[in-house]
Amino acid sequence: MNTRQFLGLDDALATLRATVQAPDATSEAIPIVTAANRIVARSVAAPIDVPPFAASAMDGYAVCAADPIFRGDAPFALTVHGESRAGLPFVEAAPVDQAVRIFTGAVMPTRCDSVVIQEDVERIGDSIRLSVRPRAGANVRPPGHDVGRGAVLCDAGARLGPFDLAWLTACGLTTIDVRAKVRLALFSTGDELRNAGDSLAIGQIYDANRFVLQQLLRDAPVVVTDLGILPDDPDRIEATLWDAAAHHDAVLTSGGVSVGDADYVRTIVERLGRIEFWKIAIKPGKPFAYGRVGDCHFFGLPGNPVSTIVTFLMLVKPILAQLAGGRADAPPTVPAVLAVDVAHDRGRVEYQRGAFTNVEGRLVVEPTSDQSSNRIGSFRGANCLIEIPRDSGDLARGDAVAILPLTGLLS
Ligand code: AMP
Ligand code: MG
């Protein structure tokens with residue numbers, strides 16, 4: 001195979017990053033409880049200090065470190081005057097040379113600047129003895145200790161995770177402006193394809209790709225229109241593509257982008273709009289096509305399920321994030337060592353399904369079973385993809401490789 005003419009994966013990604021821009025900022029205000037994985041439309045500043053008041057960080061006794069009683073040496077004998085609990089503040093000022101019983105999260109009484117933890121205090125009735133000298137500011141959380149009023153809680157373009165949402169909620173916010181979801185139309189092509197649940201005639205197989213793509217899109221800021229399975233009928237493919245492109249930001253298809261007689265999808269996109277590139281130096285997944293029909297982006301994935309999955313994860317998923325107004329971050333890689341020899345022909349970057357384990361602090365990885373691009377079974381037991389660079393020849397046991405943990409790829 002002459003792979004020189006194929007576009008490198010990095011070049012394909014760079015072209016897509018430069019080409020695919022989020023549509024003019026359309027945003028909607030939604031409840032924070034439904035905002036996980038959405039893209040922030042406008043940066044959000046904290047409306048209040050958290051905590052809103054100086055609070056104790058420990059259970060103990062609040063005192064004023066500058067009070068005259070602390071001029072001598074420990075131990076210090078004081079009287080307890082009142083109590084401040086979380087949600088039940090002590091409203092008076094603490095009298096000079098007296099202490100206030102205090103609990104974690106409670107308001108620091110006026111005049112108090114220090115909390116002596118209860119482990120350093122001996123109490124008999126209302127009398128206490130402190131075995132240590134209080135230090136101003138010790139065990140006290142000043143107002144805004146977690147978040148200062150006006151601090152940026154999340155930037156425009158950030159994808160909201162559970163901790164962002166927790167921070168917003170801790171600041172009392174209930175809604176947030178997020179970018180509109182990407183409208184994506186999805187269909188599979190192939191005369192041989194049937195839906196699970198239907199019966200199979202000879203030569204037919206079940207459509208795996210639409211299902212796996214929907215699963216992989218579940219947490220993306222995308223609304224999927226499922227257009228089902230299209231037969232290899234150029235008129236139907238053309239009509240469906242044309243209509244889908246008019247009503248969606250992107251169309252995602254699988255199958256029909258290779259060079260077989262029944263591979264119509266790419267040529268039809270070329271007729272309705274244009275193909276920007278086709279054939280990437282990636283294994284599995286060479287016949288990946290990207291193009292446009294009007295303003296709509298077209299991503300044509302190869303039909304073999306593993307090729308579909310790998311090209312979706314490496315090329316489409318990050319670009320959909322950018323189309324949604326976020327960042328097209330590359331999936332994280334970590335270094336590992338091969339447990340076995342791995343054969344590789346130069347010319348295409350390869351992503352083998354692998355299983356890594358931590359052996360005495362080093363990640364050791366080995367490919368799962370038969371790596372054929374039709375075998376979804378090669379994901380069985382896999383927890384990563386093993387990246388074998390385009391220019392690499394065969395690799396040997398003990399060689400260093402980069403792996404892409406599925407946890408990072410799928411999140
Ligand atoms: P194509 O890219 O259309 O030439 O398809 C390549 C191979 O993938 C063929 O063996 C197809 O039967 C198979 N294939 C295509 N689409 C799907 C699908 N949605 N689910 C499972 N296999 C598929
Ligand atoms: Mg086909």
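Residues are numbered from 1 along each chain as its sequence is written, and chains are lettered from A and ligands numbered from 1 in the order in which they are written. Local features of this predicted model need pLDDT of at least 70, side-chain atom pairs count only at pLDDT 80 or more, and totals for chains, interfaces and linings use all residues, while side-chain values use heavy atoms, with hydrogens and water left out.

Helix α6 (residues 305-323) packs against α1 (residues 9-19) at an angle of about 20°, the axes lying 10 Å apart. Helices (H or I, at least four residues) and strands (E, at least two) are DSSP runs, numbered from the N terminus. Axes are lines fitted to C-alpha atoms, for helices over the stretch in contact, and angles run from 0 to 180 degrees between N-to-C directions. Helices α1 and α6 are therefore roughly parallel to each other (angles under 35 degrees count as roughly parallel, over 145 as roughly antiparallel, 65 to 115 as roughly perpendicular and the rest as oblique). Leu 9, Ala 12, Leu 13, Leu 16 and Arg 17 of α1 are in contact with Met 314, Leu 315, Pro 318, Ile 319 and Gln 322 of α6, contact meaning heavy atoms within 4.5 Å. Eight of these residues are nonpolar, one is polar and one is charged; Ala, Val, Leu, Ile, Met, Phe, Trp, Tyr, Cys and Pro count as nonpolar, Asp, Glu, Lys and Arg as charged, and the others, Gly among them, as polar.

Helix α6 also packs with α3 (residues 209-216), at an angle of about 30° and with the axes 10 Å apart. Helices α3 and α6 are therefore roughly parallel to each other, and their crossing is right-handed. On the α3 side, Asn 209, Val 212, Leu 213 and Leu 216 meet Pro 305, Thr 308, Ile 309, Phe 312, Leu 313 and Lys 317 of α6. This contact comprises seven nonpolar, two polar and one charged residues.

Between α4 (residues 234-247) and α5 (residues 265-272) the angle is about 50°, with the axes 10 Å apart. This makes α4 oblique to α5. The two helices cross in a right-handed sense. Pro 234, Ile 237, Glu 238, Leu 241 and Trp 242 of α4 meet Val 265, Ile 268, Val 269, Arg 271 and Leu 272 of α5, giving eight nonpolar, no polar and two charged residues.

On a 1 Å grid over the protein atoms alone, a pocket is an open set of points where a 1.4 Å probe fits, with protein on both sides within 12 Å along at least five of seven lines, and lining residues have an atom within 4 Å of a point. Of its 26 lining residues, Arg 159, Lys 317, Ala 321, Gly 408 and Ser 411 are the closest to the centre. Two or more lining residues come from each of α3, α6 and α7 (residues 406-410), and α6 gives the largest share, five residues. The lining has 15 nonpolar, five polar and six charged residues.

Leu 9, Asp 10, Val 349, Tyr 351 and Glu 387 are the closest to its centre among 18 lining residues. Elements giving two or more residues are α1, α6 and β23 (residues 349-359), with the largest share, five residues, from α1. This lining has 11 nonpolar, two polar and five charged residues.

Key
Left-handed = near helix turned anticlockwise from the far one by under 90°.
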